[in-house]
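Please read it alongside the sequence and the coordinates.

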Amino acid sequence: MLRLVSLVLASLLAASLTAAPEALSILVLKAERRLEVHRGAQVVKTYRIGLGHTPTGTKRRQGDGRTPEGTFYVCVKNPRSRFHLSLGLSYPTPADAARGLREGLVTQAQHDAILAAHRKHVSPPWNTALGGEIFIHGNGSGSDWTLGCIALEDADMDALYALVANGTPVEIRP
């Protein structure tokens, strides 16, 4: 009996040591100009950010200068970004595609392509009137200067880029 208990305890210990750590997620708080990296409920890192040149409100269409709000995922990592390093976000979302179809901003084919990309967890089409190519990137967080992206200092982007994998959830709040 003692041997059985020892084997069970050893198995439990081994399982706990090899269990995958909780996945990371990113929370962007636009009004506070802050990006937080979370592991579960714990904040593990915080960065100052710059936003689009029209920071209030969510992105509605290409060229509005707004940073989108909602839930996204990192869909691409770009080590050769013209803004140091960058993490592409899955904007537009299926909800944006539905709104775009209702408002005549996207065709049925574009709508369907956005939905298909999200089902596959890849980059959605970025060449629609909804806009696209929303990235978290370097090149400075001192002001709201982007076309809708989220900007960090280059050293902060180095650290974030090293931490984050494709598929990492990203929530952007007002």
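Buried means under 20% relative accessible area, exposed over 50%, and partly exposed in between (1.4 Å probe, protein chains only). Helices (H or I, at least four residues) and strands (E, at least two) are DSSP runs numbered from the N terminus. This is a predicted model, in which local features need pLDDT of at least 70 and side-chain atom pairs count only at pLDDT 80 or more, while totals for chains, interfaces and linings use all residues. Residues are numbered from 1 along each chain as its sequence is written, and side-chain values use heavy atoms, with hydrogens and water left out.

**Strand β8**
- Strand β8 (residues 169-173) has Val-170 and Ile-172 on its covered face, and Pro-169, Glu-171 and Arg-173 on the uncovered one.
- Strands pair if DSSP finds at least two bridges between them; β1 (residues 24-29) runs parallel to β8, joined by 4 bridges.
- Within that pairing, Ile-26 has Val-170 as its bridge partner.
- Strand β4 (residues 70-78) pairs with β8 in the antiparallel sense, also over 4 bridges, and Thr-71 has Glu-171 as its bridge partner.

**Helix α4**
- In helix α4 (residues 154-163), Met-157, Leu-160 and Tyr-161 are buried.
- These residues lie on the same side of α4 because they cover an arc of only 100° around the axis, the arc being that of the directions from the helix axis to the C-beta atoms.
- Ala-155 and Ala-162 are exposed, on the face turned away from the buried side of α4.
- The cover over the buried residues of α4 includes β1, β2 (34-39) and β4.
- The charged end of Lys-77 sits over the ring of Tyr-161, 4.3 Å from its centre (criterion: NZ of Lys or CZ of Arg within 6 Å of the ring centre and within 35 degrees of the ring normal).

**Aromatic pairs**
- The structure holds 3 aromatic pairs (rings of Phe, Tyr and Trp, the last by its six-membered ring, with centres within 6.5 Å; planes under 30 degrees apart are stacked, over 60 edge-to-face, the rest tilted).
- Phe-83 and Trp-145 form a tilted pair, 5.7 Å centre to centre with 55° between the planes.
- Phe-83 is in the loop between β4 and β5 and Trp-145 in the loop between β6 and β7, 62 residues apart.
- Phe-83 is partly exposed at 21% relative accessibility, and Trp-145 is partly exposed at 31%.

**Thr-67**
- Thr-67 lies in the loop between β3 and β4 and is buried, with a relative accessible area of 0%.
- A polar atom of the Thr-67 side chain lies 3.1 Å from the backbone nitrogen of Gly-52, and one lies 3.0 Å from the backbone oxygen of Gly-148.
- Residues that Thr-67 touches (heavy atoms within 4.5 Å) include Lys-30, Leu-51, Cys-149 and Ile-172.

Key. Polar contact = N/O pair within 3.5 Å; in protein donor to acceptor, adjacent residues only side chain to side chain. Lists of a residue's contacts leave out its neighbours within four places in sequence.
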